[in-house]
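Biologist: I have a model open and want to learn how to read it. Can we go through a few features in turn?

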Amino acid sequence: MSRSRSFSRSPRQSIQARFGFFDASQQPPMPIHSSSNPTGNLLEVTFPPAELQRSMSSNHASLRGMRRLEARRQMEETNYLSSKARSQNLNPPVDLRLLDYVTPYDDNLMCPVCRCAFIDPVVLVECDHCFCRDCIRQTWATTASAYTPLGPRGDCPSCRTPAKLGARSATSKILVNITDDLVVRCPNSEQGCEATVKRGEVQDHVGIYCGYSKQECYAEDCEQPVRRRDADLGCLHYNVTCFDCRETMQKAELEAHWKAKCPDRKVACPQCQEPILSRVLDKHSREMCPAVTVSCPGAVLGCTSRSKRSQAEVHAQTCTLAILAPVLAAQKQRLDEQEVVQRTMSRKLEVLESGFAAVEEILYPKHSVQAKEDDVRADERRIPLLLEDGDSARRRHTRLESTDVEDMDEQFSGFEFPSPTSSRPMSSRLIASLPPSRPAPPPPGPRPQDLPEPFSTDFDMPFPSAFPPPAAHGPYVSPLHHLLSMHEALRDELSRVSTAVQELDGRQSMHTLNENLRMREEMGYLGAQVTGLSRQVGWLTSTQLQRQQHQHGAGVGSSAGGGGMDGIAGAGAGVEAAVSAVGAAASALRGAAQVRAQARRGHSEEGRTKL
Amino acid sequence: MAGMSGKRLQKELAKITGVLPPGITLVSAENLREWQMDLTVPDNPIYPADHVYRLKFMFSTNYPIEAPECTFIQLSTPVRKIPIHPHIYSNGIICLDLLDKQGWSPVHNVESVCISIQSMLASNTKNERPPGDAEFVRSNRSRPRDINFLYHDPSV
Ligand SMILES: [Zn+2]
Ligand SMILES: [Zn+2]
Ligand SMILES: [Zn+2]
Ligand SMILES: [Zn+2]
Ligand SMILES: [Zn+2]
Ligand SMILES: [Zn+2]
Ligand SMILES: [Zn+2]
């Protein structure tokens, strides 16, 4: 404090000199404005000329007037000093919203926006809510869209009443005074200043008195900033090296560095008072400091002992729980590992079970609810049946197509299926190479892979070899999946084939119907012709008979009769020829019908084979 | 400005760590940029009492002049789900006028926002997501406060 007083002597003299000048000329002093600083407005003092002149005139009359003038002078001096400090721009204006208040203050003095005691409070006349001037300006600056010529306006943040910041918005002096009298800590408190001042004076404190704020170095040709308390020590702007960390810096900064930043400085541990390097202080108090109270290592097992770290080790040697703790911890870890393994296993099992259920569902939709012991028997009953179906269909098919596969049958008749108990899964390639017509001997147990075999060569479905080979260590997972996917493929194939067959059948029956119609028409026509012919023959025969009877009755001469007989015989031969022609036609018709019938049978046969 | 937001958040934090309304707890506030709060909803069968929801607050340097970005987040440990509400999208974005540019007022704070959301959940009767939820969740890339929600429902 003494330093700052000694510093301020010369400005004071200059001020007095100025006032002397003003006094002599009876002129009002020029108001000193610090327009660059928005928060310093409470410190500004302006002298209305009339009032000043009044006080000047009473100067000689009363002591009170003298005192008042002296007070004004002091204010002027303060203003001058602070403006000078500000003009040096070494200490930025104090942001009053960042101050720490020493004493708690009434919540009613708190601005609802910044949650600080009001700073330059304004009242919105529309709703009587009160805010800091800066707070309400900033709030409206973000919400108001356009420039408003009548001053800032917007909605009240508290009640949303449309309001504006008018010329008469400033609140009463009482509120200003109350908030400015709140005691705050110096903003340089982190650097070491322990001063607490009224908020209204904090700018002065920082700008003029605080030993921890900066000012210009007194030394000539040196304009660098120095802490005010160090200003009288001469120029400190030369390089020094920190004893602890060997970092080079200016002497002016050394103390701040040493107090707050230096990593190699020894500081006293707050617990054990041992000097500890500041960079390892954290680790020290967490892991090593003997004065820190720690709980027994057996605390997880229930030991409630808590002691200083130095004594904790002694306790740990006697505490049973502490001795057991590492063993149990290891066991717990193993247990956890086992649990993880078990969980994965059970999940695998779940997947397998659901896979089995799906397979069962597909294989035996009706028997899926049967008891487990029935399953094996059901397998034996069903799979041969399926194979049988496939074989018979294939046999019919091969009878139509070719006969030389019979030779291949002989080649493969010696082939044996591996026993179902064998752990070696059957090679898929082997299944694929099986001849289509070979009736597979029904395996004694469920053999998932055998099942699709009879179908696989008749249709262009993916061969079993297309599936990944079953894993050697897990004989169940892969075959199951094979079986499932094969079933799916087969089902698709089957539905495709059945639609194809249906289509074919429809086309065939249509064709047959058409043919039949045409045949029937032809036959009807032929029948009509035959009827006409037979009628003609009947008529011719009856006339012939009549003529014969007439000839017999008349007793005509043999010569004429012979000639007549010849004519009749010729006519009769013609009739006979006609009749035989009709017969031939009829037999041809019958033959055609037979051919049709055969063809139809053939078609239906083929269709059945496909099925 | 950064100073003001920090100072105010420090004050809010000091108040919040003291006492909070029932059902609201502070989970983390490691820095002054992101806080997390846990929320339970009283007396609403849609949100059973043992269901806890996690709110995430993101503060810009302009807080409290600017609204904080407040969303529900999903976690696996501990289990935190996005509550089902006709104004809460399944990606956690909350359609609340208080949180958007127009509805925000610097008078609000973290506590008042939490209370508003809690009461919004407590008064809910519809166990459903907003209409067009899937579409919104798939397409929305903008930040919550840049979305122009239509507050067609005056009941919230
Ligand atoms: Zn304020
Ligand atoms: Zn208002
Ligand atoms: Zn100070
Ligand atoms: Zn110097
Ligand atoms: Zn150092
Ligand atoms: Zn220590
Ligand atoms: Zn113990």
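## Reading helix, metal sites and cysteines

Modeller: The face of α6 in chain A turned away from its buried side carries A:Lys173 and A:Ile174, both exposed. Keep in mind that this is a predicted model.

Biologist: Which residues of α6 in chain A are buried?

Modeller: Start with the general idea. An α-helix has 3.6 residues a turn, so residues three or four places apart point the same way. Now the case here. Helix α6 of chain A spans residues 173–180, and its buried residues are A:Leu175, A:Val176, A:Thr179 and A:Asp180. Seen down the axis of α6(A), these fall within an arc of 125°, so they line one face of the helix.

Biologist: What do the buried residues of α6(A) pack against?

Modeller: Three strands of chain A: β1 (121–123), β2 (130–132) and β6 (196–198).

Biologist: Now the metals. Which residues coordinate the zinc ion (ligand 5)?

Modeller: Look for donor atoms within 2.8 Å of the metal. For ligand 5, a zinc ion, they are the SG atoms of A:Cys242, A:Cys245 and A:Cys262, plus NE2 of A:His257. The distances run from 2.1 to 2.3 Å. Along the sequence, the donor residues are spaced C-x2-C-x11-H-x4-C. Two of the residues, A:His257 and A:Cys262, are buried.

Biologist: What is the arrangement of the four donor atoms around that zinc ion (ligand 5)?

Modeller: Check the angles. Ideal angles at a metal are 109.5 degrees for four tetrahedral donors. Around the zinc ion (ligand 5), the four donor atoms subtend angles of 102 to 114°, which makes the arrangement tetrahedral.

Biologist: And which protein donors does the zinc ion (ligand 2) have?

Modeller: Run the steps again. The donors are A:Cys127 (SG), A:His129 (ND1), A:Cys156 (SG) and A:Cys159 (SG), lying 1.9 to 2.3 Å from the zinc ion (ligand 2). Angles among the four donor atoms are 108 to 111°, and the site is tetrahedral. The spacing along the chain is C-x1-H-x26-C-x2-C.

Biologist: Are A:His129 and A:Cys159 buried or partly exposed?

Modeller: Read the relative accessibility; buried means under 20%. A:His129 has 28%, so this histidine counts as partly exposed. A:Cys159 has 33%, so this cysteine is partly exposed too.

Biologist: How many disulfides are there over all chains?

Modeller: A disulfide needs two cysteine sulfur atoms within 2.5 Å. The search of the whole structure finds zero. Take A:Cys116: the closest cysteine sulfur, in A:Cys114, is 4.1 Å away, too far for a bond. A:Cys116 has 0% relative accessibility, so this residue counts as buried. B:Cys114 is in no disulfide either; the nearest cysteine sulfur belongs to B:Cys70, 6.5 Å away. B:Cys114 is also buried, at 0% relative accessibility.

Biologist: Last one. How many helices and strands are in chain B?

Modeller: Chain B has three helices and four strands. Along the sequence they follow the pattern α-β-β-β-β-α-α. Of the 156 residues in chain B, 48% are buried. Take contacts between residues at least 6 apart in sequence: in chain B, 59% of these join residues at least 24 apart. The accessible surface of chain B is about 7600 Å², and 55% of that belongs to carbon and sulfur atoms.

Key: Residues are numbered from 1 along each chain as its sequence is written. Chains are lettered from A and ligands numbered from 1 in the order in which they are written. This is a predicted model: local features need pLDDT of at least 70, side-chain atom pairs count only at pLDDT 80 or more; totals for chains, interfaces and linings use all residues. Side-chain values use heavy atoms; hydrogens and water are left out. Buried means under 20% relative accessible area, exposed over 50%, partly exposed in between (1.4 Å probe, protein chains only). Helices (H or I, at least four residues) and strands (E, at least two) are DSSP runs, numbered from the N terminus. The arc is that of the directions from the helix axis to the C-beta atoms. Contact means heavy atoms within 4.5 Å. Donors are N, O and S atoms within 2.8 Å of the metal (3.2 Å for Na, K and Ca); water is not among the atoms, so sites may look incomplete. Four donors count as tetrahedral if all angles lie between 85 and 135 degrees; four count as square planar and six as octahedral if opposite donors are over 155 degrees apart and all others between 65 and 115; anything else is irregular. Accessible areas come from the Shrake-Rupley method with a 1.4 Å probe; for residues, only the protein chains shown count as cover.
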